[in-house]
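Visitor: I would like to go through this model with you and ask, for each label, what it rests on.
Guide: Gladly; let us look at it together.

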Amino acid sequence: MLDNFFAPKAVAVIGASRVPGKVGFDLFRNLVQYNFRGRIYPVNPKAGELFGLKCYPAIKDIPDRFNLAVLMIPPKLIPDALRDCCERGADSAIIISAGFKETGIEGAAIEREMLKTAGECGMRLLGPNCLGIIDTHSRLNASFAAGMPAQGSIGFMSQSGALCTAILDWSYGSGVGFSKFISVGNKADLDEVDILEMLGSDDATKVIIGYIEGTNRGRALLKTGLRVTKNKPVILIKSGSSEAGARAASSHTGSMAGSDAAFDTAFRQAGIIRARTVEELFDYAVAFSTQPLPNGNRIAILTNAGGPGIMATDALQGTNARMASFAAETINMLKEKLPPTAALYNPVDIIGDARADRYENAIAGLLTDPGVDGLIILLTPQGMTQIEETAKSIVYSTIEKTKPVLTAFMGEDMVESGIHILKKNSIPNYSFPERAVAVFSRMADYVAWRATETVEPVKAEYNKENVGRIIADFKKMRKTSIAGESALRIFNALGIRVPVYRIANDIEEAKETAAELTYPVVMKVSSPDISHKSDVGGVVAGICDEDALVRAYNQILVNCRRFVPQAVIQGVEIHQMVTGGKEVIVGMIRDSQFGPMVMFGLGGIYVEVLKDVNFRVAPLRESDIDCLINEMRSIKLLTGARGEKRKDLNAVKQTLRLISTLVMDFEEIIEMDINPLMVLEEGQGVYAIDARFSIKVD
Amino acid sequence: MKAFYIGSTSEYTGKSLVCICLAKMLKEEGKKVGYFKPFGTLPVMSGSVVTDEDALFMREYLEMEESPEDICPIVLTHDLKIQAYRGKAGDVKKKIQEAYKRVSKGRDVILIGGGHTIDEGRTLGVPVSEIIMETKSKVILVERYDEYHGFDTLLAAGDRFKGNFGGVILNKVEPENIDFFRNMIVPFLEREGVKVLGIMPRDPLLLSVSVRDLAQHLGGDIITASEHQGDLIQNFVVGAMAIDAAMSRFRRVQNKAVITGGDRSDLQLAALETSTRCLILTGSMYPPLIIQAKADEMGIPIIVVKDDTLSVVEKIDSLLGRPHIKEAEKIKRGHEIFYEGVDIEKIKQFLTGNQR
């Protein structure tokens, strides 16, 4: 769909310049000097010839049709220029020029006009305010970057043009090759989702990496990511993860950094690997682009020194990767080939005097073990270590590329020549073992992710009509918060149980009601004017008899008079008290980028303190529900701690299904939570004890 | 000629709204309606003349030709009070009587707007009850109920006006309290001899303030989307917290103005992404250009003010104390609430004298 951006038959460069140092010069030179295979038409009213090519005074003077236009002219001239390009057949345009929405209201108006013109002409735009595009396969370098990266299989996109140039520069010495290089700029039209989609279907791209500061299409990113990551790994940096960083991002691109937790969750759900640093991004990218994927998560570590081996082993903690256990044949083989002082079990320590042949023998044994899914080779430069020979042996022994092999030649000067050999032969080397372990664990995670089947989201049955009616009533009253009795009515419609309760206008009614519901009961002030009843001392739980009831009644009304004197008090609510359960929280917040995110975790009054909650973007799939529950740190409270019986997790799951369905059905619900949701023993279900909904009224 | 006195026992209960609604209703009945406010409690300059804000508005709303000085003969200015303390306020009563005569001439119904209490005018030697008696007005009180103040003052007023007392409209009642009012409060008041003419729910829109009024009140400059300065703000949030906490609050609070610093671009963007009508940036700090562009595109005015956040909040507090019904959107909503909640027939009966 975006083919003409990357492999056009002909390109017009509007604003090509003969003045060195100008963007129009650098870009045009790049286009000419890297052997782009299509035709090139420079447009400049003053230049007669550029790099031996005839220069046209205006777009209309170009005699032939072209597919791609690259524009580097003042913003105000761009809409008309786009029309002219369209007349010459262009359906794609890269707007390098700056001076659009990043410069304020006027620039934003021009950007809108430009976008409108493009829409009318049926053109797609990249940029504005971007570095351009590089395609190493079609040899198109329509960028003003200094140089051309090596050909490779990594597709890179970036919201920061400057980061593009830095990474390009780094790539020249690293041996890393790229398939495509895309700077998205202001994202007036094409954004990270479009590029992801395109790179996803690009045969030359094996691994997609990128840098983003935010997105305006979170749900589309999630959806596209979910599809693309099943075919090839996608590794993204999302900056602005800290509060100060988010602030910097907001004034940089005017895009909301978004809740970092939301990005984390969405990336996980989409199978997108999140890199925290540029170093991580390339650590992962190099391994994914050069090594086969592992079949599982079992790693073998081979080292010539004990310390690094132990550190590598330590680094596995907290990841899903595991130390491999070797087959008897492997151990026998190692025993035969290695000196008696070597450690034969994982990590395999072939000790300090290991020369290349010892590495080679060990590698051969370890890679043939069916219980090993990948190998990390560590080397420290010692007196007898053969740096270059060992590197060559590694290259030679892993030539078949049946399993991923990562190396960590530790040091600087002494190991440099070895590292050079490894890089040249596409074997990733990391300066320290921990980085290699992190890379392997990400590869193993990705393989596990790819193996999961993408199933349809859950949909639960409930009385949608009734819920709709309650929400409509509140919208009509222009009330943004539904709590108390009305919230409980929503649960009735959902089929989530709530404790029985009644309103009592005075103490006599309260006594009768409590006796009827049977003690113990909970008493809450009944007043629509008081939204946070506990905060004003308007709730007393565990009332066991009439004396306590009278005390609670008086105390609640005294508290309310003191803290909210102007509230209209209707009386008190008497609730049946649910005992013997565990308190969890189920909720939802509607993220501005990713939409409804369902929350689950430990509930009660310590939610804020313990923060044992997790999120998933709705609609949930069964796998999301399982993850939400299992990720809870205090999950043992539900599965039976200290001899307690297991709690009703099926009822919890059903509640999550209902909430996922509800928040997808009703966009008006901005936020909601049930806190606590009381989970009783297995088979006995759950109770929504307290809840609140925030709704959008206009 | 009939006269209604629309008063209340406390301030800002919604008298102006009721006046506007009654005026519209009566006009639709084919009546020639006029407005009169004996004591101007909301001084405002009209040209070089000090008059009353309600009087000025109603004059325009009812297209009255009388001068603002006739519609509101006595404006309670500082100077007038000093004169009253010195015993030199002049013949206030006569001034009122003459103005009333001019305003009521040729009209079927006059709506007399009350001030902050039903005891106004005493300082000037003309208690409002005297005016009510002389003009034979039917008294309609617009009241707000809360647990703390109760109904004692209202019941006392009922006793005082006796035959002239038409009844009460209970205003600003939380919608979820309406049933409680119908079942508990109304029967009580009726038993006590106070006729309840209607219950009007609290509506956040009616308590809103326009971006224009806000900018004017704060002495700020609107730097984006000035075509949206008529938009109404219902809530205010100070943005000084961490972004996650802010997002949660911004999501819940709708149709709001967010008060924050020009350097908090993260909060400004967060505000733009939720239901926000306006940004107020303090300390004369302009936001990044890209955010200005975004706000302008979204039609959200940004007001840049000199004051610090605390001063802005104080100024806004003083503005919110006296919401006024001027904007068409508020008037329309006010009418809807009035017609839904008030027993129009009971009020019409006052005109024909067929009431019990």
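**Labels and their grounds**

Guide: The helices α10(B) and α11(B) are described as roughly parallel to each other, and since this is a predicted model, that description applies to the prediction.

Visitor: What makes α10(B) and α11(B) roughly parallel?
Guide: The two axes cross at roughly 25°, and angles under 35 degrees count as roughly parallel, so α10(B) and α11(B) receive that label. Their axes come within 10 Å, and α10(B) passes α11(B) in a right-handed crossing.

Visitor: Which residues meet where α10(B) and α11(B) touch?
Guide: From α10(B) come B:Ile243, B:Ala246, B:Met247 and B:Phe250, and these meet B:Asp266, B:Leu267, B:Ala270 and B:Ala271 of α11(B). Sorted by class, this contact has seven nonpolar residues, no polar ones and one charged residue.

Visitor: Where do these helices stand in relation to chain A?
Guide: On the side of chain B that touches chain A, the elements giving two or more residues are α10 (243-252), α11 (265-272) and α12 (289-298) of chain B. The largest share, eight residues, comes from α12(B). The contact as a whole takes 38 residues from chain B and 37 residues from chain A, and the chain B side has 17 nonpolar, eight polar and 13 charged residues.

Visitor: Why are β2 and β10 of chain B said to stand at the edges?
Guide: Six strands of chain B form an open sheet, in the order β2-β7-β1-β8-β9-β10, with parallel pairing. Within it, β2 (33-36) and β10 (196-201) each have a single partner strand, so one side of each is left without a neighbour in the sheet. From one strand to the next, the twist averages 20°.

Visitor: How do you know that β1 and β8 of chain B are paired?
Guide: Strands count as a pair if at least two bridges are found between them, and β1 (residues 2-7) and β8 (residues 138-143) of chain B have four bridges, in the parallel sense. B:Phe4 stands opposite B:Lys138 in β8(B).

Visitor: Which strands do the helices α5 and α7 of chain B lie across?
Guide: Helix α5 (residues 92-104) of chain B lies across β2 and β7 (109-113), running at about 160° to β2(B). Helix α7 (residues 152-161) of chain B lies across β8 and β9 (165-173), at about 175° to β8(B).

Visitor: Turning to chain A, why is A:Gly352 called partly exposed?
Guide: A residue is buried if 20 or more other C-beta atoms lie within 10 Å of its own and exposed if 12 or fewer do; A:Gly352 has 14 such neighbours, and therefore counts as partly exposed. A:Gly352 lies in the loop between β17 (348-349) and α13 (356-368) of chain A. Apart from neighbours within four places in sequence, A:Gly352 is in contact with A:Asn304, A:Ala305 and A:Gln382.

Visitor: What can be said of chain A as a whole?
Guide: Its secondary structure comes to 24 helices and 30 strands, and its C-alpha trace spans about 100 × 80 × 40 Å along the principal axes. Of the 698 residues of chain A, 52% count as buried. Among contacts in chain A between residues at least 6 apart in sequence, 71% join residues at least 24 apart.

How values were computed: Residues numbered from 1 in each chain as written. Chains lettered and ligands numbered in written order. Predicted model: local features only at pLDDT ≥ 70, side-chain atom pairs only at ≥ 80, totals over all residues. Contact = placed C-beta atoms within 7 Å. Nonpolar A, V, L, I, M, F, W, Y, C, P; charged D, E, K, R; others polar. Axes fitted to C-alpha atoms, helices over the stretch in contact; angles between N-to-C directions. Parallel < 35°, antiparallel > 145°, perpendicular 65-115°, else oblique. Left-handed = near helix turned anticlockwise from the far one by under 90°.
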